[in-house]
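Student: I have a model open and would like to learn how its parts get their names. Could we go through it together?

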Amino acid sequence: MRDLIIVGGGPAGLTAGLYAARARVDVVLFERMAPGGQVLLTDIVENYPGFPDGISGFELMDKMKRQAESFGLPIENREVRGFTLSPDNKVVSTDKGDEQTKALILACGANPKKLGIEGEQLLIGKGVSYCATCDGPFYRDQEVAVIGGGDTAVEEALFLTRFASKVYLIHRRDQLRATKILQERVIGHEKVHILWDTIPVKILGQTGVEGIEIQNVKTGKTSVLRVQGVFVFIGFEPNSELIKGLLELDNRGFIITNAEMETSVPGVFAAGDIRSKNLRQISNAVGEGATAAFAAERYLENIHG
Ligand code: NAP
């Protein structure tokens with residue numbers, strides 16, 4: 001039996017792993033893909049302290065991974081398929097077998113939300129994308145649409161201006177949700193055309209995106225934009241499917257914890273984007289990872305007497 005399993009290798013999981021390994025806890029981290037989480041999808045991170053010139057998402061996560069490993073954190077490539085979560089019995093079922101553990105930190109993060117409109121599912125990977133860093137370079141000198149008005153949508157719209165000849169930013173209200181500095185950069189940008197009070201209705205095309213049908217929510221008028229790419233950035237949903245019914249979640253499926261990152265089951269902690277909270281940043285994910293590791297260590301000390 002393990003003392004501590006961490007599920008998820010984004011900033012929260014890697015920091016929890018760093019703290020636990022440094023405290024010489026018997027710990028292992030499970031990650032189904034490459035460690036790094038959603039930050040890997042970010043081109044430049046400019047608000048993580050310590051990097052005044054910004055740092056690429058890939059480089060930052062590579063540094064976090066190497067730092068955790070330097071203290072002896074084992075990172076195993078495993079896909080979690082299910083959990084048993086009770087105060088006395090915690091099992092993580094994976095594609096490589098079941099593992100029992102005394103304590104567990106859930107840092108499984110979140111995934112981009114889908115629009116749920118006609119054409120979206122059919123055209124994923126054929127013009128519909130949730131990652132500008134991954135797919136932006138395919139749209140050199142073409143026209144693209146970005147859906148959303150938050151930090152992600154605005155940052156990614158600005159990133160896409162490096163390649164696309166024109167970026168339509170389609171937002172359902174008349175005011176952006178994004179932070180002011182990003183608004184200053186995008187409003188009036190020569191390549192960005194913002195369509196206010198507008199929602200996407202249908203993505204057109206069969207084998208590739210040929211356009212997007214949009215509707216003005218104030219006038220009800222619909223029209224078609226002839227774009228070759230549609231980038232969707234309308235927020236995130238938690239990776240908590242496997243935890244439903246086992247832990248207390250909020251009404252959107254994020255895990256509820258106290259300030260010590262304790263969930264409703266003793267010995268189970270949560271950190272990062274999967275937690276119910278208002279701000280989802282690398283900086284607070286890192287702090288929550290450290291807090292969760294510290295709380296798990298104290299929990300293990302108590303049960304070991
Ligand atoms: P978000 O802040 O939840 O914004 C989602 C945007 O999509 C909102 O503008 C929302 O409109 C719109 N939207 C939601 N559902 C929609 C739908 N069905 N159809 C059309 N539009 C829809 O998500 P986010 O931008 O991904 O950011 C998530 C978190 O990460 C935030 O806490 C953000 O601050 C943080 N983040 C920070 C940075 C940074 O600091 N550099 C970068 C990226 C993300 P409404 O405004 O009308 O609700």
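Tutor: Gladly! Start with a definition: two strands pair if DSSP finds at least two bridges between them. Helices (H or I, at least four residues) and strands (E, at least two) are DSSP runs, numbered from the N terminus. This is a predicted model, where local features need pLDDT of at least 70, side-chain atom pairs count only at pLDDT 80 or more, and totals for chains, interfaces and linings use all residues. Residues are numbered from 1 along each chain as its sequence is written, and side-chain values use heavy atoms, with hydrogens and water left out.

Student: What makes β14 and β15 a pair?

Tutor: Pairing needs at least two bridges, and β14 and β15 (residues 211-216) have six, in the antiparallel sense. So they pair by the definition. In one place, Pro-200 stands opposite Ile-214 in β15.

Student: How do you know that β15 pairs with β16?

Tutor: Four bridges join these antiparallel strands, and the definition asks for at least two. Ile-212 stands opposite Leu-225 in β16. The two strands form a hairpin with five residues between them, and Gly-220 in the turn has a positive phi of about 80 degrees.

Student: Which strands are at the edges of that open sheet?

Tutor: The order is β14-β15-β16, with antiparallel pairing. The edge strands are β14 (198-204) and β16 (222-225), as each pairs on one side only. From one strand to the next, the twist averages 30 degrees (axes are lines fitted to C-alpha atoms, for helices over the stretch in contact, with angles from 0 to 180 degrees between N-to-C directions).

Student: Why do β10 and β13 count as edge strands?

Tutor: Their open sheet has the order β10-β17-β11-β12-β13, with parallel pairing. β10 (128-129) and β13 (192-195) each have a single partner strand, so one side of each is left without a neighbour in the sheet. Further in, five bridges join β11 (residues 143-147) to β12 (residues 166-170), and the bridge partner of Ile-147 is Ile-170 in β12.

Student: Which helix gives the most to the shell around the ligand?

Tutor: Helix α4 (residues 151-160) does, with three residues.
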